[in-house]
Amino acid sequence: MAERDQETMQHPPKSIKPASKPHMALIDSIATVNYHEAKIIFDQYGFPGFDLVGEEGSKSFWLIVQHCDKWPEFQQQVLEKMETQVKKKNAHSTYYAYLVDRIRIRAGKKQLYGTQVSYRTDSCQAFVADVEDLSNLNQRRQSVGLEPIENYLNTVSKNHFLRNEENFRKRGIIGPILYPTGEEE
């Protein structure tokens, strides 16, 4: 299910233009099927931790739930059960942080971990908007195993540029604008 989710998002069929209405409809149909399957699993087992499905299986379940934006109540239920598993070290705290932020953003609240980004289209630079207590963001990120925000934003900026390089180069953008990290030579 997770593989189909990722394949559909990242590599639509050749007959469908990426990010077009048909592509978004295909993504939505995959998310709908995955939601129904994930709900069956969740109703029977709760959040499937490492002990039940292994690390990869637990990550895959989280990924499917992460893309269930049309069902925020379901995402919240999963988050609560996932938190219990994270406290037992039976699920990844980093994925928990992503789901926390995704749910908060969809509910109109500020993020805690800065995992959900937007991009400046004139410079291909990722940025985080609506983060609670920005001065302590990196401490919160570290507490769940996430890298410093500057490193994360640079990575996603580079990836965004590579996925859209042709379009950016046509506009005279030859690379993303990166944040200083203290690791520069």
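Predicted model: local features only at pLDDT ≥ 70, side-chain atom pairs only at ≥ 80, totals over all residues.

Me: Is helix H1 roughly parallel or antiparallel to helix H2?
Reply: Helices here are DSSP runs of H or I with at least four residues, strands are E runs of at least two, and both are numbered from the N terminus. The axes of H1 (residues 2-10) and H2 (residues 21-45) come within 9 Å and cross at roughly 170°. Axes are lines fitted to C-alpha atoms, for helices over the stretch in contact, and angles run from 0 to 180 degrees between N-to-C directions. Under 35 degrees counts as roughly parallel, over 145 as roughly antiparallel, 65 to 115 as roughly perpendicular and the rest as oblique, so H1 is roughly antiparallel to H2.

Me: How many nonpolar, polar and charged residues are in the contact of H1 with H2?
Reply: Contact means heavy atoms within 4.5 Å. H1 brings Arg4, Asp5, Thr8 and Met9, and H2 brings His23, Leu26, Ile27, Ile30, Val33 and Asn34. Ala, Val, Leu, Ile, Met, Phe, Trp, Tyr, Cys and Pro count as nonpolar, Asp, Glu, Lys and Arg as charged, and the others, Gly among them, as polar. Sorted that way, the contact has five nonpolar, three polar and two charged residues.

Me: Moving to the rings, what is the angle between the planes of Tyr35 and Phe74?
Reply: Rings of Phe, Tyr and Trp (its six-membered ring) pair if their centres lie within 6.5 Å, and planes under 30 degrees apart count as stacked, over 60 as edge-to-face and the rest as tilted. The whole structure has eight such aromatic pairs. Tyr35 and Phe74 make an edge-to-face one, with centres 5.2 Å apart and planes at 85°.

Me: How far apart in sequence are the parts that Phe42 and Phe74 tie together?
Reply: These two rings are also edge-to-face, 5.7 Å centre to centre with 90° between the planes. Phe42 sits in H2 and Phe74 in H4, so their pair ties together parts of the sequence separated by 32 residues.

Me: Is Phe74 buried or exposed?
Reply: Buried means under 20% relative accessible area, exposed over 50% and partly exposed in between (1.4 Å probe, protein chains only). Ring pairs link Phe74 with Tyr35, Phe42 and Trp71 into a cluster. Phe74 has a relative accessibility of 3%, so it counts as buried.

Me: Which residue forms a salt bridge with Lys70?
Reply: A salt bridge is a side-chain nitrogen of Lys or Arg within 4 Å of a carboxyl oxygen of Asp or Glu, and the structure holds nine. Lys70 is in the loop between H3 (50-66) and H4, and its partner is in H2, 42 residues apart. The N to O distance is 3.3 Å, and the partner is Asp28.

Me: Where does Ala19, with its positive phi, lie?
Reply: Most residues other than glycine have a negative phi. Ala19 has one of about 65° although it isn't a glycine. Its relative accessibility is 62%, so it counts as exposed. Ala19 is in the loop between H1 and H2.

Conventions
Residues numbered from 1 in each chain as written. Heavy atoms only, no water.
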